[in-house]
Amino acid sequence: MWTSRPPDDSLSSSVAGSALLDRRLLIVTGKGGVGKSTVAAALALVAARRGKRVLVAEVNAQERVAPLLGAPPAGPVARPAVPGISTVNVDPHHALEEYGLMVLKYRTLYQAVFENRLVKFFLRVIPSLPETLMLGKVLHEARAQEGGSPRWDLVVMDAPATGHAVQLLRVPAALLDTVPGGPMRRDAEWMQALLTDPERTALSLVAMPEEMPVSETIDLDAQVRQVLGIPRGLLFLNAMPDGRFSPPERERLEGLQHAPPPLGPAARAALLQAERAEQAERHAAHLSAAVDLPTVTLPLLAVDRWGREAVERIADVVEERV
C-alpha cells in the first residue's frame with residue numbers, strides 16, 4: 001500500500017543513548033488504561049516546544065489525544081490541535097479511499113473501481129487488509145514529502161493496546177512471509193524497513209506500577225524484541241505515587257490510627273497511601289529488573305479534570321529525559 005521504495009537494511013533492537021525525538025516515527029503502546037494517549041500527547045508537546053511539526057495518529061479509536069490537548073476530535077483528516085501539533089484518527093475506510101485516490105488519481109475512477117459491489121466483496125475477504133491500510137497510512141505520513149521537505153518532522157503513533165498493537169505492527173512481516181511478489185509485497189518491504197530502522201523509528205512502552213500492567217508490559221517487551229524487531233525507545237512508568245513518609249513517620253502514624261476523629265481517620269488514610277506507594281515501588285522494581293530500557297517515571301497527579309493542564313505537567317517531566 002502507499003508509495004513503494006526499496007527496503008533499508010539497517011536494523012537494531014534498541015535505540016538507547018540516542019535522542020528519542022530525533023526520529024521520524026515514535027510508536028507508543030501499552031496495556032489499555034495505563035495512559036499511553038497521555039504519553040503520546042506529552043511527547044508531541046515536547047517536540048512542538050522544540051519547534052517540530054508533529055502529527056499524532058490514533059488508529060481506529062475513540063479519539064483521546066485532541067481532547068486531551070483541548071481541541072475537538074480530528075476525524076480521518078489531519079487537523080491542527082494546538083500550535084505545532086496536528087492529530088488524525090486513521091480508519092480503514094478512509095485509508096482505503098486515500099490509497100485508491102493516490103493510485104488512480106481521479107475520484108470518478110476510484111468510485112468506479114472501489115465502489116463496485118464485486119470489488120468491495122473481494123476487498124472484505126483479503127486477510128489483514130484493514131490493518132495494512134491503517135498502518136500504511138501512518139507510515140506514509142512519517143515519510144511523506146511536500147516541496148522537497150518532510151511533511152512532518154515527527155509522527156507519534158498512539159498505537160492500540162498490547163495484543164492489538166502487536167497484531168497491527170506484525171502485518172508487514174507477515175505479508176513478506178506470505179506474498180511472493182507484486183505491489184503488496186513492495187509496500188510490505190518499505191513498511192517493514194521503516195518500522196525496523198533505528199535511525200527513523202522507536203517504540204516506547206507505557207506501564208503503571210500495578211501487577212497486571214507490569215506483567216503485560218514484560219510480555220509486550222518480549223514480543224517487541226523477539227517478534228516485531230522494532231527498535232525500542234523508553235519505558236514510561238505512569239501514575240507513580242509519592243512515598244511521602246519516612247520509617248519513623250510511618251511508625252508514628254501506626255500509633256495514631258486508633259485515635260478519635262479527625263486524627264485517627266487521617267492517620268489511617270495516610271497509612272493507606274503509604275502502603276499503596278510501597279506496593280508501587282515493588283512493582284516498579286520488578287518491571288525495572290525485567291525490562292532493560294531507560295525509564296521515565298511520571299507522577300500520579302491529583303487533578304479534577306484530566307486535560308491540557310495535566311498533560312502539560314506530564315510533558316514537563318518528559319522533557320527532562322528526551
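These legends describe close-up views of a predicted model.

Residues are numbered from 1 along each chain as its sequence is written, and side-chain values use heavy atoms, without hydrogens or water. Local features need pLDDT of at least 70 and side-chain atom pairs pLDDT 80 or more, while totals for chains, interfaces and linings use all residues.

**View 1. Confidence along the chain.** Mean pLDDT (the predictor's confidence in each residue, from 0 to 100) is 86 for the chain. A value of 70 or more is reached by 84% of residues. Residues 1-14 fall below 50 and have 52 contacts (heavy atoms within 4.5 Å) beyond near neighbours in sequence. Residues 119-123 also stay under 50, with seven contacts beyond four places in sequence. Where pLDDT is low, the predicted coordinates should not be read in detail.

**View 2. Helices α7 and α10 pack together.** Helices here are DSSP runs of H or I, at least four residues, and strands are runs of E, at least two, numbered from the N terminus. α7 spans residues 162-169 and α10 spans 211-228. Their axes, lines fitted to C-alpha atoms over the stretch in contact, lie 10 Å apart at an angle of about 10 degrees. This makes α7 roughly parallel (under 35 degrees) to α10, on a scale of N-to-C angles from 0 to 180 degrees.

**View 3. Residues at the α7 and α10 contact.** T162, V166 and L169 come from α7. Across from them, α10 supplies E216, L220, Q223 and L228.

Note on methods
Parallel < 35°, antiparallel > 145°, perpendicular 65-115°, else oblique.
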